[in-house]
Amino acid sequence: MGTNGKLKAQVVEVKSWAELAALPDDKVKGRFVLFNRPMNPTFIQTGQAYGDAGDQRRNGAIEAAKRGAVGALVRSLSLAQDDFPHTGTMRYDEKVTKIPAAALSTEGADRLSQLLKADPGLTFELEMSCQTLPDVKSYNVVGEIKGTKFPNEIIVVGGHLDSWDLAQGAHDDGTGCVQSIEALRLLKAAGLKPERTVRAVLFMNEENGVRGGTKYAELAKAGGEKHLAAMESDGGGFTPRGFNIEAPAATVKKIQQWQPLFRPYGSTEFNAGHSGTDIEPLKDQVKALIGYDCDDQRYFDIHHTAADTFDKVNRRELELGGASMASLIYLLSKYGL
């Protein structure tokens, strides 16, 4: 332990849970564990690569502490080679000693790895000022267009208001909020009157608790509301590719019948797959959960970093995504599921 809140210790590097398990106790105890498994660039969908590498960030502090480590250092979840640390959710286990965990940029992780090869006994110094403040009350923001024929059947579209405090959260998830509002605006601007109620929800606290989505689902159930479908945009505001659908096979097939209508706009990937975190609590109350899918090759370059700023948003891509979402919402409102 250093002075003035600084933590000093040697470092051991691992790239898998198996490598950590194979290390003798004296190689881990009293040291930092550097979790340095990169995102897999062979996955075409970067979200898949993110999920594949994310366990070391979520659980690294727990697994390192079980072996007596004093801290966890985690390679940022990004395919970019830069000096931006990427933050994100990590977990503690109340039965395991809580140790500090810090994200290193991809450049930083590679540099530390090189230094360790040259000098396995080097000392790393960590100083952090993170803190968890008491909970305060926050709110979802809700607006809707009442359905003309089936007002009690609701289609939800949303994104989440909160972001990590490194930057503006422009793509995660400012664009999702804007696109959800835009979907309703487009319906009104086009003079379309949806037959089912279309409700935009800007969810609070997705990033480290999903409390906004959980509370919305709780209130919807308590109020006896009938939700037909829920749509979410939380993968960046990039060029639309289509939608991921969580629903029974017959419902997925029905939604896929509309796929040709989206072909002129390049938004044709209608696949079964994960929809979104905010709408997941509604799973037992809707016929389909739908996630807006866009070209995500650049998303994890800026995701959860100080680089996620407004200037990274392309207006045309944002508008194309909003229009794609509005189109599917209109079809759902007219034909149901």
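**Working through a predicted model**

This is a predicted model, and its largest nonpolar core has 37 residues. Met-231, Phe-243, Ile-255, Ile-290, Leu-328, Ile-329 and Leu-332 have the most contacts inside that core.

**Exercise 1.** Find out which helix gives the most to this core, and what Leu-332 touches beyond its neighbours within four places in sequence.

*Solution.* 
- Start with the helix: helix 10, residues 315-335, gives the most, with 6 residues.
- Now pick out Leu-332 and skip its neighbours within four places in sequence. You're left with contacts to Ile-155, Arg-196, Leu-228, Ala-229, Trp-258, Ile-290 and Leu-337.

**Exercise 2.** Work out where the buried residues of helix 2 sit around its axis, and which helices they pack against.

*Solution.* 
- List them: in helix 2 (residues 46-53), the buried ones are Thr-46, Ala-49, Tyr-50 and Ala-53.
- Check the arc: they cover only 100 degrees around the axis, so they end up on the same side of helix 2.
- Recall a bit of helix geometry: an α-helix has 3.6 residues a turn, so residues three or four places apart point the same way.
- Look at the partners: the buried residues of helix 2 pack against helix 3 (55-66) and helix 9 (299-302).

**Exercise 3.** Decide whether Ser-267 is buried or exposed, and name what it touches.

*Solution.* 
- Locate it: Ser-267 is in the loop between helix 8 (259-262) and strand 11 (269-272).
- Compare with the cut-off: buried means under 20% relative accessible area. Ser-267 has 1% relative accessibility, so it counts as buried.
- Leave out residues up to four places away in sequence, and Ser-267 touches Pro-240, Arg-241, Gly-242, Phe-243, Phe-262 and Ser-324.

**Exercise 4.** Trace the open sheet of 5 strands, then see how helix 3 and helix 4 lie on it.

*Solution.* 
- Write down the order: 4-3-2-1-5, with mixed pairing.
- Spot the edges: strand 4 (101-104) and strand 5 (123-126) each have a single partner strand, so one side of each has no neighbour in the sheet.
- Zoom in on one pair: strand 2 (residues 32-35) and strand 3 (residues 71-75) run parallel, joined by 4 bridges. Here Phe-32 stands opposite Gly-71 in strand 3.

How values were computed. Residues are numbered from 1 along each chain as its sequence is written. This is a predicted model: local features need pLDDT of at least 70, side-chain atom pairs count only at pLDDT 80 or more; totals for chains, interfaces and linings use all residues. Side-chain values use heavy atoms; hydrogens and water are left out. A nonpolar core is a set of buried Ala, Val, Leu, Ile, Met, Phe, Trp, Tyr and Cys residues joined through side-chain atoms within 4.5 Å. Buried means under 20% relative accessible area, exposed over 50%, partly exposed in between (1.4 Å probe, protein chains only). Helices (H or I, at least four residues) and strands (E, at least two) are DSSP runs, numbered from the N terminus. Contact means heavy atoms within 4.5 Å. The arc is that of the directions from the helix axis to the C-beta atoms. Two strands pair if DSSP finds at least two bridges between them. Axes are lines fitted to C-alpha atoms, for helices over the stretch in contact, and angles run from 0 to 180 degrees between N-to-C directions.
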